[in-house]
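Me: I would like to go through this structure by question and answer. Please keep the terms defined as we go.

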Amino acid sequence: MSDPASELTHDLAAHRFVLPIDGSEEPAVAYYQVDQEGRLVITHTEVPYAASGQGIGSRLARAIFETARRDGVRLVLRCPFLGHWYARHPEYGDVVAG
């Protein structure tokens with residue numbers, strides 16, 4: 001399996017991260033807003049129903065956290081899924097601002 005962060009696209013204009021899914025026309029997506037401090041406030045993630053239960057959400061989460069770490073960006077987690085994922089992966093504490 002390849003590195004999910006290398007597959008992730010950061011769509012700046014739409015304020016979202018996009019992770020393609022093999023065999024699906026629909027990608028997994030995470031939406032965010034930028035706060036006054038320049039942090040990315042992740043508000044919602046979506047995985048197509050047909051791809052649910054395959055670990056795609058976790059791949060998306062890991063890719064977002066790795067990308068934030070690489071780019072020196074801080075994340076504010078308002079998406080429940082990412083909040084729960086982070087609770088199981090505290091090693092990403094250096095990129096989480098709240």
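**Rings, helices and salt bridges**

Reply: Phe65 has a relative accessibility of 0% and therefore counts as buried; buried means under 20% relative accessible area, exposed over 50%, and partly exposed in between (1.4 Å probe, protein chains only). The model is predicted: local features need pLDDT of at least 70, side-chain atom pairs count only at pLDDT 80 or more, and totals for chains, interfaces and linings use all residues. Residues are numbered from 1 along each chain as its sequence is written, and side-chain values use heavy atoms, with hydrogens and water left out.

Me: Are the rings of Phe65 and Tyr86 stacked or edge-to-face?

Reply: Rings of Phe, Tyr and Trp (its six-membered ring) pair if their centres lie within 6.5 Å; planes under 30 degrees apart count as stacked, over 60 as edge-to-face and the rest as tilted. The centres of Phe65 and Tyr86 are 6.1 Å apart and their planes are at 10 degrees, so this pair is stacked.

Me: Which helices hold Phe65 and Tyr86?

Reply: Helices (H or I, at least four residues) and strands (E, at least two) are DSSP runs, numbered from the N terminus. The two residues are 21 apart, and their pair links distant parts of the chain: Phe65 is in helix α2 and Tyr86 in helix α3.

Me: At what angle do α2 and α3 pack?

Reply: Two packed helices are described by the angle between their axes and the distance between the axes. Axes are lines fitted to C-alpha atoms, for helices over the stretch in contact, and angles run from 0 to 180 degrees between N-to-C directions. Under 35 degrees counts as roughly parallel, over 145 as roughly antiparallel, 65 to 115 as roughly perpendicular and the rest as oblique, and α2 and α3 are therefore roughly perpendicular. Their axes are 10 Å apart, and the angle is about 75 degrees.

Me: Which residues of α3 make the contact with α2?

Reply: Contact means heavy atoms within 4.5 Å. From α2 come Gly57, Ser58, Ala61, Arg62, Ile64 and Phe65; from α3 come Phe81, Leu82, Trp85 and Tyr86.

Me: Which residues form a cluster through ring pairs?

Reply: By the ring rule, the count comes to five aromatic pairs. Ring pairs link four residues into a cluster: Phe65, Trp85, Tyr86 and Tyr92.

Me: Which strands do Phe17 and Tyr32 tie together?

Reply: Phe17 and Tyr32 form a tilted pair, 5.5 Å centre to centre with 40 degrees between the planes. Both residues are buried. They are 15 residues apart in sequence, and the parts tied together are strand β2 (residues 16–19) and strand β3 (residues 28–34).

Me: How many salt bridges are there?

Reply: A salt bridge is a side-chain nitrogen of Lys or Arg within 4 Å of a carboxyl oxygen of Asp or Glu. Searching the whole structure gives a total of six.

Me: Which helices does the salt bridge of Arg59 and Glu7 tie together?

Reply: Arg59 and Glu7 meet at 2.7 Å, N to O. Arg59 is buried at 18% relative accessibility, whereas Glu7 is partly exposed at 21%. The pair ties together parts 52 residues apart in sequence, helix α2 (residues 56–71) and helix α1 (residues 4–7).

Me: Which residues are linked in a network of salt bridges?

Reply: Arg39, partly exposed at 22% relative accessibility, forms a salt bridge with Asp35, with the closest N and O atoms 2.6 Å apart. The network links Asp35, Glu37 and Arg39.
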